[in-house]
Amino acid sequence: MTGGTSGDVGPVLAIDLPADPARLADTRERLRGWLHARGVSEWDVDTVLIATGEACANAIEHGYRFAREGITTLRAELRGDRLEIEVRDHGGWRAADGDDSGDRGRGRLIMARVMDEATIVGTPSGTCVRLVKRLTGDASGPAGTESSEDQL
């Protein structure tokens, strides 16, 4: 991944996800376990799972149109208190049609609100969603909610 503050590579998780919505839950659980094993707070884990799940679901639906032979790559890297995630597909890029009147189309907004950085780069050969979260290191999260005791 690019954009880190140093050349040091931290712990990395890489998952190849078939374009099958039924595989999203397993992917979220693998990411959850990886984050917990690295001591990431429950607050940060939950927000990262929201954004990453949205990016993966969008790749399956929009990048591959649910064609199960498509593969989405999820790569997470932890560099100190900075978590960098890339979700990449090799499907077709489709520009937004500008119709925000329905109940759908909120994925970009959700990713931008819960992460510190959320960028989407689409080309004819696929899409890369890059998400960055500066980890709080506090299991209570920014609102001062009670600490979760079920971390691994």
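**Questions on burial and packing**

Author: Arg-79 is buried, with a relative accessible area of 16%. The model is a predicted one.

Reader: Is Arg-79 buried or exposed, and why is that class assigned?
Author: Arg-79 belongs to strand S2. The cut-off for a buried residue is under 20% relative accessible area. Because its relative accessible area is 16%, Arg-79 is classed as buried.

Reader: How far apart are the C-alpha atoms of Arg-79 and Val-12?
Author: Along the chain, 67 residues separate Arg-79 from Val-12. In the chain as a whole, 67% of the contacts between residues at least 6 apart in sequence join residues at least 24 apart. For Arg-79 and Val-12, the C-alpha separation is 9.3 Å.

Reader: In what order do the elements of the chain run from the N terminus on?
Author: The chain contains three helices and five strands. Of its 152 residues, 39% are buried. Read from the N terminus, the order of elements is β-α-α-β-β-α-β-β.

Reader: What does helix H1 reach from its first C-alpha to its last?
Author: Helix H1 covers residues 24-37, which makes 14 residues. At 1.5 Å a residue, 20 Å is expected, and the span in the model is close to that. The reach of H1 is 20 Å.

Reader: Against which elements do the buried residues of H1 pack?
Author: The buried residues of H1 are Leu-24, Thr-27, Leu-31, Trp-34, Leu-35 and His-36. Residues three or four places apart in an α-helix point the same way, because there are 3.6 residues a turn. The packing partners of the buried H1 residues are strand S1 (12-18), helix H2 (42-63), strand S2 (71-79) and strand S3 (82-89).

Reader: At what angle do the axes of H1 and H2 cross?
Author: Two packed helices are described by the angle between their axes and the distance between the axes. The axes of H1 and H2 come within 10 Å, and their crossing is right-handed. The contact between H1 and H2 involves nine nonpolar, two polar and four charged residues. The crossing angle of H1 and H2 is roughly 150 degrees.

Reader: Which element gives the most residues to the largest nonpolar core?
Author: This core has 30 residues, of which Leu-31, Trp-34, Leu-35, Leu-83, Ile-85 and Val-87 touch the most other members. Two or more residues come from each of S1, H1, H2, S2, S3, helix H3 (107-114) and strand S5 (126-134). With eight residues, the element that gives the most to this core is H2.

Reader: Which residue is in contact with both Trp-34 and Leu-131?
Author: Neighbours within four places in sequence are left aside here. The remaining contacts of the residue in question include Leu-35, Val-48, Ala-76 and Val-132, as well as Trp-34 and Leu-131. The residue is Leu-83.

Reader: With which residues is Arg-38 in contact, leaving aside its neighbours within four places in sequence?
Author: Arg-38 sits in the loop between H1 and H2, and its relative accessibility of 36% makes it partly exposed. Its C-alpha is 8.7 Å from that of Pro-11, a residue 27 places away in sequence. Beyond its sequence neighbours, Arg-38 is in contact with Pro-11 and Leu-78.

Reader: Which residue just after H2 takes a positive phi?
Author: H2 has 22 residues and reaches 30 Å, close to the 32 Å expected. Just after H2, a positive phi of about 50 degrees is taken by Arg-65.

Definitions and conventions: Residues are numbered from 1 along each chain as its sequence is written. This is a predicted model: local features need pLDDT of at least 70, side-chain atom pairs count only at pLDDT 80 or more; totals for chains, interfaces and linings use all residues. Side-chain values use heavy atoms; hydrogens and water are left out. Helices (H or I, at least four residues) and strands (E, at least two) are DSSP runs, numbered from the N terminus. The expected span of a helix is 1.5 Å times one less than its number of residues. Buried means under 20% relative accessible area, exposed over 50%, partly exposed in between (1.4 Å probe, protein chains only). Contact means heavy atoms within 4.5 Å. A nonpolar core is a set of buried Ala, Val, Leu, Ile, Met, Phe, Trp, Tyr and Cys residues joined through side-chain atoms within 4.5 Å. Axes are lines fitted to C-alpha atoms, for helices over the stretch in contact, and angles run from 0 to 180 degrees between N-to-C directions. A crossing is left-handed if the near helix is turned anticlockwise from the far one by less than a right angle, and right-handed if clockwise. Ala, Val, Leu, Ile, Met, Phe, Trp, Tyr, Cys and Pro count as nonpolar, Asp, Glu, Lys and Arg as charged, and the others, Gly among them, as polar.
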